[in-house]
Amino acid sequence: MSEPDADALVFFGATGDLAYKKIFPALQAMARRDHLHVPVIGVAKSGWGLDQFRARARESVETHGGFDPAAFDRLAGRLRYVDGDYADPGTFAALRRELGDARRPAHYLAIPPTLFGPVVEQLGRSDCARGARVIVEKPFGRDLASARALNQTLLGAFDEASIFRIDHYLGKEPVQNLVYFRFANSFLEPVWNRNHVASVQITMAEDFGVQGRGAFYEEAGAIRDVVQNHLLQVLANLAMEPPVSTDSEAVRDEKVKVLRAIPSLRPADVVRGQFRGYRGEKGVAPDSQVETFAAVKLRVNNWRWQGVPFYIRAGKCLPVTATEVLVRFHRPPALYTAEAPPPNHIRFRISPDVAIALGAMVKAPGERVAGRAAELLAVRHPDAAEMDAYERLLGDAMRGNSTEFAREDYVEEAWRIVEPVLGIETSVAEYDPRTWGPDTIADLVAGDGPWHDPVTTGHDR
Ligand code: BG6
């Protein structure tokens, strides 16, 4: 389905952190590729003028990704700035004037969700929402009820087809490759099911803590921060049925179907951990029960996957920074070999470097019939010219391609799955920084283990 391109990009929160770290660098990259042909209007309340706004943009690209004089010039020429309070109708009247003839603006709400209501309402009243799209960031609510309320707010001025919910994991090349790799190769499909797959593990490890975001983390915790969104998206890409076409709704329908097949988590399916030292972080309660680590066991109760456990594990202050998927197959019978060989696997490394590996046994040289484990490995080093997730997703939203954005029914299913374990229903166990979380995670994986711990490869940073 071909949608008309947006004819202006407006971003609220233009002087904030997200704009500084992600949006300006993405816009400069779009300008470098000659993909940016519309006015870019920043809105914030800082008392700034356009010159200060341009200076902020320049500082942002210098700090994040590098200043490209020619591309930056093109971006700077497109920048506009509206200063004002989000509660003041005058701010939106000024925005409407800046929009000029634009009839299909895309409004990017890079602001805290508590401000969505007032901004969306004012956009509607000031005639800035007509024909427009809205782009919002995760978190989409903090539980099922608040996600629904947030959506009602957005629906006050935009229809679902015009709402683009960014989960930046979906903009990552290796996350998109999971789907491509599955459906563009015929060798995988015959074994990609409960008859051959014994278990699936998805690990997102970070070797750093909360990096000054203690107050944010207190409100979130690992389950809300990355499991409910990024990692369930990875799971959906691994488990979904082939879509009937590449149409955005055909793809998103299949993802929702996967989540519908997953029973809600029970406390026994979860291990929550907190790294020693977290309670001393700024903005963190001295008796905080918030998890900086979570390991969960999920079931996908459909024809393809019934009985195959899917494990997700994510945490801060772990030994490495890496996101990896390990799909383990059933063991072969021990007839030809002396001992039962270990199971084969497929390993998808998603970040920081990219790899696809097939784990297999090969004969060890020598007279004895004995083997050793090997990986048939395809590695790709990130290419400097590759699109960053934000550049890709912003471009998609501007073009009206919603395939890689979370649909509301998907978001609600994801909350339904994690909701029973969001609170204090399960206790939080301490773990030492630079370890793989609380010891009890071994019990969670039990007979499906061991956990597969990603290693650093030396190409990582
Ligand atoms: C964000 C989380 O959504 O994703 C962070 O809020 C996390 O806690 C980050 O560190 C990881 O993203 P990436 O792309 O840096 O791996």
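1. Helices (H or I, at least four residues) and strands (E, at least two) are taken as DSSP runs and are numbered from the N terminus. The model is predicted, so that local features need pLDDT of at least 70 and side-chain atom pairs count only at pLDDT 80 or more, whereas totals for chains, interfaces and linings use all residues. Residues are numbered from 1 along each chain as its sequence is written, and side-chain values use heavy atoms, with hydrogens and water left out.

2. The ligand is surrounded by Lys138, His168, Lys172, Met204, Glu206, Arg213, Asp225, His230 and Lys316 (each with a heavy atom within 4 Å of the ligand). Among these residues, Lys138 has a side-chain N or O atom 2.7 Å from an oxygen atom of the ligand, and a polar side-chain atom of His168 also lies 2.7 Å from a ligand oxygen. For Lys172, an N or O atom of the side chain is 2.6 Å from an oxygen atom of the ligand.

3. Helix α7 (residues 173-183) and helix α8 (residues 214-239) have axes, fitted to C-alpha atoms over the stretch in contact, that come within 8 Å and cross at roughly 10 degrees on a scale from 0 to 180 degrees between N-to-C directions. That makes α7 roughly parallel to α8 (an angle under 35 degrees). Val175, Leu178, Val179 and Arg182 of α7 meet Val234, Asn237, Leu238 and Ala239 of α8 (contact meaning heavy atoms within 4.5 Å). This contact of α7 with α8 comprises six nonpolar residues, one polar and one charged (nonpolar being Ala, Val, Leu, Ile, Met, Phe, Trp, Tyr, Cys and Pro, charged being Asp, Glu, Lys and Arg, and polar the others, Gly among them).

4. Helix α9 (residues 248-260) packs against helix α11 (residues 408-418) at an angle of about 15 degrees, with the two axes 9 Å apart. The two helices, α9 and α11, are therefore roughly parallel to each other. On the α9 side the contact is made by Lys255, Val256, Leu259 and Arg260, and on the α11 side by Asp409, Tyr410, Glu413, Ala414, Arg416 and Ile417. The residues of this contact of α9 with α11 divide into five nonpolar and five charged, with no polar ones.

5. Two cis peptide bonds deserve a note. Ser351 and Pro352 are joined by a cis peptide bond with omega of about 5 degrees, and Pro352 lies in the loop between β12 (345-351) and β13 (354-363). A cis peptide bond also joins Gly449 and Pro450, with omega of about 0 degrees, and Pro450 lies in the segment after α12 (441-445).

Technical notes
Parallel < 35°, antiparallel > 145°, perpendicular 65-115°, else oblique. Polar contact = N/O pair within 3.5 Å; in protein donor to acceptor, adjacent residues only side chain to side chain.
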